[in-house]
Amino acid sequence: MRITILAVGSRGDVQPCVALGEGLLRAGHDVLLAASPNFRELAVGRGLTFAALGEDSRILHQGEQGRDWMENSGNPLSLMLGLSRLLRPAFERLLAGCWSACADAEAVIYSPLAFGGPHIAEKLGIPSFAAWPFPMSRTRMFPSFGAPPNRKMGPRLTYLTHVLGEQVYWLPFRKEVNRWRESFLGLPAVSRRGILSDLHARQVPFLYGYSPSVLPPPRDWPSLAHVTGYWFLDAPAGWRPPAALESFLKAGPPPVYFGFGSMTPRDMEKVTRMVLLALKRTGQRGILVSGWGDLGNSRLPDDVLKVDEVPHDWLFPRMAAVVHHGGAGTTAAGLRAGVPSVVTPLFADQPFWAQRVYELGVGPRWTPFKQVSAEWLEAAIRTATSDAVMRRRAAALGERIRAEDGVGQAVEVVHRHLRERSHTYPRLVPLG
């Protein structure tokens, strides 16, 4: 079967989709991954066909507008409004790229920011799957990821946060998407309820690529919401770490990892100084992974090493603790490694995962990135590296996550849905 995966966003959005695509490829499908052109090598290296969508996604984060967006998105509405302004100049090209990538598809899978996915599937009459790294189905058991994560609220208000969250996700893009639906696809506009309500009404399956050991599926979820486990993309066979990194790890006790992924605050020199001071005060060694934000661009002491990109599945188990921004992928890798996490979220779903880490007892209480100080970081590192109960909890959770097969479960859900619904899709080739 020909399956297109539309993956829009940074590496944290794209890499799990590559892992899912690799699983579908092993199951015998032809898989095309459509993403920002800077992910071509990642996708092709895993055997996937690749189609470029828009511009290099690093430009979005590293430009002046992108930095303003990240630093001033204090709530979900400002986050999505800012994102819509960033994407607007290239939004029509992004939708057109999604359409081209799906020309021969018999099924389409799409990430949260691949806004064209569900509408293209509707037009072509092919099955579709929403592939999300965080929960977006309504429940009374926990609030929407955009709600204040550490505030207690009753079931009704909790449910309302999901209703509001759906609108916050949809409204900033409603006009552009509906204009495209009507003028290009020849479809009626999506109702005021929004696209997520529409997808649930059309019984589109949601594949949630996180661990049920981290956030169990609530009892009041619909049957088409599936928590499959994480979609990990491990280091390629034969990968070897840089010699300097191997030597550094052998030269002393496990260090503390620092990395903030694609987050690019302006003053990373200040962040580096703060990290170095906290390490000095705690007597810990450190690994600084530069990422897109260029962390560690300063003179470093002998007990701190700066490295470029290193696969998390190799690096994190060798750490005493991991300090990061709370992105879904980095959080997943830290939890699987079985070491405590110190989370300093910036925006989007990062506070949600930071709160889960704290509630699970596998990391100290979090604080927003903007409020991090050397004193706070020092205290958090001391807790993460010395609290024996926390370290045992982290090790036990890591063991459970390593026993899961998130990609395999997701592929099974896709197959089951295609078998059960094949008669409703004229273009669908039946599975054996």
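**Setting up**

I number residues from 1 along each chain as its sequence is written, and I leave hydrogens and water out, using heavy atoms for side-chain values. Since I am working with a predicted model, local features need pLDDT of at least 70 and side-chain atom pairs count only at pLDDT 80 or more, while totals for chains, interfaces and linings use all residues.

**Overall count**

The protein has 432 residues, and 57% of them are buried; buried means under 20% relative accessible area, exposed over 50%, and partly exposed in between, with a 1.4 Å probe and protein chains only. I then checked contacts (heavy atoms within 4.5 Å). Among those between residues at least 6 apart in sequence, 64% join residues at least 24 apart.

**The cores**

Which residues touch the most other members of the largest nonpolar core? They are Leu6, Trp132, Tyr208 and Phe258, out of 88 residues in that core. I followed up on Trp132: leaving aside residues up to four places away in sequence, Trp132 touches Tyr110, Pro112, Tyr169, Leu196, Phe206, Leu207, Tyr208 and Gly209. There is also a second, separate core of 31 residues, with Met1, Leu20, Leu48 and Leu418 among them.

**Helix pairs**

For angles and distances I use axes, lines fitted to C-alpha atoms (for helices over the stretch in contact), with angles from 0 to 180 degrees between N-to-C directions. Angles under 35 degrees count as roughly parallel, over 145 as roughly antiparallel, 65 to 115 as roughly perpendicular and the rest as oblique.

I began with H15 (residues 374-386) and H16 (residues 388-402), whose axes come within 6 Å and cross at roughly 65°. That makes H15 roughly perpendicular to H16. H15 contributes Thr383, Ala384, Thr385 and Ser386 to the contact, and H16 contributes Ala388, Met390 and Arg391.

H16 also packs against H13 (residues 328-337), at an angle of about 105° and with the axes 6 Å apart. This pair is roughly perpendicular too. From H13, Leu335, Arg336 and Ala337 meet Ala394, Leu397, Gly398, Ile401 and Arg402 of H16.

Then I turned to H7 (residues 117-124) and H8 (residues 155-185): their axes come within 11 Å and cross at roughly 25°. H7 is therefore roughly parallel to H8. On the H7 side I noted His119, Ile120, Glu122 and Lys123, and on the H8 side Val177, Trp180, Arg181 and Leu185.

**Two loop residues**

Gln203 has a positive phi of about 60° and sits in the loop between helix H9 (195-201) and strand S6 (206-208). Gln203 counts as partly exposed because its relative accessibility is 45%. Ala348 has a positive phi of about 55°, in the loop between strand S12 (341-343) and helix H14 (350-359). Is Ala348 buried or partly exposed? At 28% relative accessibility, Ala348 counts as partly exposed.

Notes. Helices (H or I, at least four residues) and strands (E, at least two) are DSSP runs, numbered from the N terminus. A nonpolar core is a set of buried Ala, Val, Leu, Ile, Met, Phe, Trp, Tyr and Cys residues joined through side-chain atoms within 4.5 Å.
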